[in-house]
Amino acid sequence: MPVSNHDIAVLFERMAVFLELDGANAFRIRAYQNAGRIIEGLTRNLAEAVLQGEDVTRFAGIGKDLAGKIREIVASGTFQQLAELEARLPKILLEMISIPGLGPKRARRVWENLSIHSIPDLKAAAENGKIRTLPGFGAKLEEQIQKGIAFRESQYNRILWSEAEIIARSLCAYLENIPGVQKVEVAGSYRRKKETVGDLDILAVCSQAEAVNRAFRSYPGVSEILAQGGTKSSVILHGGMQIDLRVIAKESYGAALHYFTGSQSHNIAIRKMAQQRRIKINEYGVFKNQLHVAGKTEEEVFRQVGLPYIPPELREMTGEIEAAQAGRLPQLASREQLRGDLHCHTDETDGALSLPEIAAAAHELGYEYIGITDHSQHVSVAMGLDEKRLRQQLLAIDKTNAKLKNITLLKGIEVDILDNGRLDLPDSILKELDFTVCSIHSKFNLPEDQQTERILRAMDNPYFTILGHPTGRLLGSRPAYAVHMERIILKAAECGCFLELNAHPERLDLSDMHCRLAKEKNVLVAVSSDAHNRVGLENVRFGINQARRGWLEAKDILNTRPLKVLRRLLRR
Ligand code: DGT
Ligand code: CA
Ligand code: CA
Ligand code: ZN
């Protein structure tokens, strides 16, 4: 498969970061940043163009030098200058920039002045108050770096669910092809759809356990074998992911699936319930007086303790057993119930698709409507819209809508919430829109009170409709900003506005518990893609995973509403 434009852009952006770490001049750094942005915005696949022998310098913004590097990337997956620079830079610098709060410029300054050789060195320097003394730093930044180190430690060795899915799919396809294998299922946190996954726990039903284990260990992606036995093996893949495989008999499938799906605390509670009924549940089945009485399906296991089936996403010991006992389990939402999407970016700013292209893609996904929400002017790196350009876009939307039959483009904007809680565009233009997604893209480090007030104030604007990515977190790289979510949810309930569950797999922002809080307070949640291209629209399925972990049903989700009802809800 040829590399995507996004992959190429990422390499150029990385080059810009490395140059900055290397102390290169600003002009060279800027050139690579620009290259990344230009390539991200192209609609044609560059790799395909290269492979077809086209001269890519005819694309705007791509000069000879860049074209050469693009050809290198298409051929080898990287380019020489980048590889050389990466090899030459001190490893610790590369590690430092993975810490929230430390960009390349600051990382270099800390490294140069405090002779940092490892993350523990950095931690010690922060703890001893050395970082705050550097020019341009201060106590606040030092504290932020300390938090960043702690955050990184807590995320260490976990990968995004969406990345785990790619690994799981190809591994399952491989295992399913082994002769004698009847069924393969991934259990563990992956099956519970946690936003990040530590390792994959795979179950295979097969009578020839040994042969399957042997084949598993010789999977091409394996770099290290941690443990091997007749029925189970553990391996590490290239890239570092651990995989545990267990081969089980058909009769035990449900019991094993339940056991290895977890969570551990949920399992313990179920086993306790079993003990009270004088039965025993383990990964092999349900036993009454040593007799195997059930275990073929998970339903059987639950039935033995008097419960209906509890979906994996709920098995976190946060009230699911009580809800099951009371017959109050939610009817969890599904992707098919979404009738539209309320957050996407177009080629007018940093997206890849035009209005008609977005409409066609949304129609293909079975939607009735899609909300167009480019960035507002404050986000200058994304070429955010000012009032004038937004007015032009509104005209363009009218024109496009006039030609569309089965799908409606809604007029929206992802408008910045400024430091003082004002919105980034005047009411005179906001009132022309169907809705707004209001987001924070700056000043992430305000104290909780101020950050909360900033959002509450923004909600007082009558044109505030949906709070975009409500905590700003990026999984594995940026912690949530400090906000008092309950106050925000109560205010949303009072003002008739909504919260987004941003479905980008790196965000998944609202958390499961905040989804539940919103549901409890009757605030509808918009499960939105934040797409910048065609594939991005499909991110909503990650959002649905998260919504299910948050106990949300179709009725709790704004964009399950038909267009007519939606329009009414969007008008505050
Ligand atoms: P992860 O891998 O950190 O994202 O989280 P999990 O939940 O996949 O945890 P993992 O891989 O250690 O174990 C998978 C499941 O196996 C876990 O959710 C419950 C079950 N399990 C593992 N060890 C134990 C144990 O010692 N006791 C009980 N009751 N269950 C266990
Ligand atoms: Ca696991
Ligand atoms: Ca495991
Ligand atoms: Zn945003």
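Trainee: Over how many bridges do strand 12 and strand 13 pair, and in which sense?

Mentor: The model is predicted. Strand 12 covers residues 369–372, and its partner here is strand 13. Their pairing is counted in bridges: there are four, and the sense is parallel.

Trainee: Which residue of strand 13 stands opposite Gly 371?

Mentor: Strand 12 runs over residues 369–372, and strand 13 over 408–411. The residue in strand 13 that stands opposite Gly 371 is Leu 410.

Trainee: Which strands are the edge strands of the open sheet?

Mentor: The open sheet has three strands in the order 11-12-13, with parallel pairing. An edge strand pairs on one side only, and this applies to 340–341 and 408–411. These are strand 11 and strand 13.

Trainee: At about what angle does helix 18 run to strand 13?

Mentor: Helix 18 is made up of residues 387–403 and lies across strand 12 and strand 13. Its angle to strand 13 is about 160 degrees.

Trainee: Which residues coordinate the calcium ion (ligand 3)?

Mentor: The coordinating atoms lie at 2.2 to 2.8 Å. In sequence the donor residues follow the spacing D-x1-D-x42-D. The residues are Asp 199, Asp 201 and Asp 244.

Trainee: How far apart do the calcium ion (ligand 2) and the calcium ion (ligand 3) lie?

Mentor: The calcium ion (ligand 2) is coordinated by Asp 199, through O and OD, and by Asp 201, through OD, at 2.2 to 2.6 Å. Asp 199 bridges this ion and the calcium ion (ligand 3). The two ions lie apart by 3.8 Å.

Trainee: Is the site of the calcium ion (ligand 2) octahedral or irregular?

Mentor: The ion has six donor atoms, with angles of 70 to 164 degrees among them. Six donors count as octahedral if opposite donors are over 155 degrees apart and all others between 65 and 115. The site of this ion is classed as irregular.

Trainee: Is Asp 201 buried or exposed?

Mentor: Buried means under 20% relative accessible area. Asp 199, at 21%, is partly exposed. Asp 201 has 11% relative accessibility, so Asp 201 counts as buried.

Trainee: Which residues touch the most other members of the largest nonpolar core?

Mentor: That core has 59 residues. Apart from it lies another core, of 48 residues, including Ala 9 and Leu 122. The residues touching the most other members are Ile 488 and Leu 499.

Note on methods: Residues numbered from 1 in each chain as written. Chains lettered and ligands numbered in written order. Predicted model: local features only at pLDDT ≥ 70, side-chain atom pairs only at ≥ 80, totals over all residues. Heavy atoms only, no water. Pairing = 2+ DSSP bridges. Helix = DSSP H or I, 4+ residues; strand = E, 2+ residues; numbered from the N terminus. Contact = heavy atoms within 4.5 Å. Axes fitted to C-alpha atoms, helices over the stretch in contact; angles between N-to-C directions. Donors = N, O, S within 2.8 Å, 3.2 Å for Na, K, Ca; no water. Tetrahedral: all angles 85-135°; square planar, octahedral: opposite > 155°, others 65-115°. Buried < 20%, exposed > 50% of the residue type's maximum accessible area, 1.4 Å probe, protein only. Core = buried A, V, L, I, M, F, W, Y, C linked by side-chain atoms within 4.5 Å.
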